[in-house]
Amino acid sequence: MIRHIVLFTWTKDATDEQKAAVTAELRKLPGLIPQLRSYTVGADALINQGNHDYGVVADFDSLDDYLVYRDHPDHQAVIAQHIKPILATRAAVQLSL
């Protein structure tokens with residue numbers, strides 16, 4: 001199994017509407033990309049200072065399934081149209097479980 005974890009920090013000028021659109025668009029992906037075994041997205045719970053603003057955790061049965069998701073046109077469209085315009089920083093890791 002591959003677990004993909006991504007953390008975002010938004011730009012200071014990112015609006016609430018833009019942030020909500022990221023969540024809405026990402027939540028569509030499990031219905032479009034059947035290789036997603038599990039998918040959790042959302043804003044930081046604001047418990048600890050210094051955290052990133054947003055996180056994505058996605059599980060896949062195999063590396064090939066992860067690659068389908070990574071390169072999928074619907075996923076790439078969400079990145080280009082909704083994430084990159086408000087992205088300040090990104091951190092990611094893929095774990096082999």
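Which strand is Ile2 found in? Ile2 belongs to strand β1 (residues 2-10), and the views below start from the whole chain and then visit this residue and others. This is a predicted model, in which local features need pLDDT of at least 70, side-chain atom pairs count only at pLDDT 80 or more, and totals for chains, interfaces and linings use all residues. Residues are numbered from 1 along each chain as its sequence is written, and side-chain values use heavy atoms, with hydrogens and water left out.

**View 1. The protein chain as a whole.** The protein chain has four helices and four strands; helices (H or I, at least four residues) and strands (E, at least two) are DSSP runs, numbered from the N terminus. Read from the N terminus on, the order is β-α-α-β-β-α-α-β. The radius of gyration (taken over C-alpha atoms) is 13 Å, close to the 13 Å from the globule rule for 97 residues, so the chain is as compact as a globular protein of that length. That rule is 2.2 Å times the number of residues to the power 0.38. Along the principal axes, the C-alpha atoms fill a box of roughly 35 × 25 × 15 Å. Of the 97 residues, 30% are buried; buried means under 20% relative accessible area, exposed over 50%, and partly exposed in between (1.4 Å probe, protein chains only).

View 2. Is Ile2 buried or exposed? With a relative accessible area of 12%, Ile2 is buried. Contact means heavy atoms within 4.5 Å, and, leaving aside neighbours within four places in sequence, the contacts of Ile2 include Phe60, Leu63, Tyr66 and Leu95.

**View 3. Helix α1 beside helix α4.** Two packed helices are described by the angle between their axes and the distance between the axes. Axes are lines fitted to C-alpha atoms, for helices over the stretch in contact, and angles run from 0 to 180 degrees between N-to-C directions. Helix α1 (residues 16-26) and helix α4 (residues 73-83) pack at about 170 degrees, with axes 10 Å apart. That makes α1 roughly antiparallel to α4; angles under 35 degrees count as roughly parallel, over 145 as roughly antiparallel, 65 to 115 as roughly perpendicular and the rest as oblique. From α1, Ala21, Val22, Glu25 and Leu26 make the contact, meeting Val78, His82 and Ile83 of α4. These residues divide into five nonpolar, one polar and one charged. Here Ala, Val, Leu, Ile, Met, Phe, Trp, Tyr, Cys and Pro count as nonpolar, Asp, Glu, Lys and Arg as charged, and the others, Gly among them, as polar.

View 4. Tyr69, Arg70 and Asp71 of α3 touch Pro73, His75 and Gln76 of α4. By class, this contact has two nonpolar, two polar and two charged residues. His72 sits in the loop between α3 and α4 and counts as buried, at 16% relative accessibility. Not counting residues up to four places away in sequence, His72 touches Leu32 and Ile33.

**View 5. Leu46 in its loop.** Leu46 is in the loop between β2 (38-43) and β3 (54-60). Its relative accessibility is 75%, so Leu46 counts as exposed. Phi of Leu46 is near 60 degrees, a positive value in a residue other than glycine.
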